[in-house]
Amino acid sequence: QATLEIKFKVSNPNFKSVMLHHIKYSVYHNDVRIAAGEVGTAPEGFLASPNYYIILNERPSIIGEKFTIKNSGNNPELWEALSKNTLNWRVTGEAFFNLSSLTAGQENIIAFDISKQD
């Protein structure tokens, strides 16, 4: 098994701060999904506990987590690339946020697709 860390640099182009609820993501190597996860939590019910990140307009925030992938033996190419640090990364997902508060306005979603650049 291998423990990896993923970090997202989240910036806010708006004048006011935004409330980032969570980020759902999938990690791929050569277009084969090797992991999926979620940073933060989605609000459930009416005003669940305030588990969100405040993203200010003048300062990007780094948000991430560690995750573990297990070697099932089905993808030796992945483990060889991992040991040589030659993975062909691609991360896709969605960030869920509100522009003002949990009770005002609707939840906004922005999709992303990030590829490794050599």
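Leaving aside neighbours within four places in sequence, Ser 115 is in contact with Trp 89 and Arg 90, where contact means heavy atoms within 4.5 Å. Ser 115 is found in strand E7, and it counts as partly exposed because its relative accessible area is 41%. On this scale, buried means under 20% relative accessible area, exposed over 50%, and partly exposed in between, with a 1.4 Å probe and protein chains only. Ser 115 and Val 27 are 88 residues apart in sequence, yet 9.9 Å apart in space, C-alpha to C-alpha.

The structure is a predicted model, in which local features need pLDDT of at least 70 and side-chain atom pairs count only at pLDDT 80 or more, while totals for chains, interfaces and linings use all residues. Residues are numbered from 1 along each chain as its sequence is written, and side-chain values use heavy atoms, with hydrogens and water left out.

The overall layout comes next. Of the 118 residues in the protein, 32% are buried. Among contacts between residues at least 6 apart in sequence, 65% join residues at least 24 apart.

Several strands lie side by side as pairs, a pair being two strands between which DSSP finds at least two bridges. E2 and E6 run antiparallel and are joined by 10 bridges; in this pairing, Tyr 28 stands opposite Arg 90 in E6. E6 also pairs with E7 in the antiparallel sense, over eight bridges, with Val 91 standing opposite Ile 114 in E7. E6 is mostly covered, as seven of its 10 residues are buried. E2 and E3 (residues 32-40) form another antiparallel pairing, over eight bridges, and Val 27 has Ala 35 in E3 as its bridge partner.

Although Asn 30 is not a glycine, it has a positive phi of about 50°. Asn 30 counts as partly exposed because its relative accessibility is 34%. Asn 85, in the loop between H1 and E6, likewise has a positive phi, near 55°, in a residue other than glycine. With 65% relative accessibility, Asn 85 counts as exposed. A further loop residue is Ser 72, placed between E5 and H1; its relative accessible area of 56% makes it exposed. Ser 72 and Gln 1 are 71 residues apart in sequence and 8.8 Å apart in space, C-alpha to C-alpha.

Turning to the interior, in soluble globular proteins nonpolar side chains tend to be buried together. The largest nonpolar core here has 25 residues, and those with the most contacts inside it are Phe 8, Leu 20, Tyr 25, Val 27, Phe 67 and Ile 69. E1, E2, E3, strand E5 (61-69), helix H1 (76-84) and E6 each supply at least two residues of this core. A nonpolar core is a set of buried Ala, Val, Leu, Ile, Met, Phe, Trp, Tyr and Cys residues joined through side-chain atoms within 4.5 Å. Not counting residues up to four places away in sequence, Ile 69 touches Gln 1, Ala 2, Leu 4, Ile 34, Ala 35, Leu 78, Trp 79 and Leu 82.

The largest pocket has a volume of about 360 Å³. A pocket is an open set of points on a 1 Å grid over the protein atoms alone, where a 1.4 Å probe fits and protein lies on both sides within 12 Å along at least five of seven lines; lining residues have an atom within 4 Å of a point. Grid points are joined across faces, edges and corners, and the volume is the space filled by probe spheres set on the points. The pocket is lined by 16 residues, and Val 10, Ser 11, Ala 95, Phe 97 and Ile 110 lie nearest its centre. Strands E1 (2-10), E2 (18-29), E6 (89-98) and E7 (108-115) each give two or more residues to this lining, with the largest share, four residues, coming from E7. The lining residues divide into 12 nonpolar, three polar and one charged. In this grouping Ala, Val, Leu, Ile, Met, Phe, Trp, Tyr, Cys and Pro count as nonpolar, Asp, Glu, Lys and Arg as charged, and the others, Gly among them, as polar.
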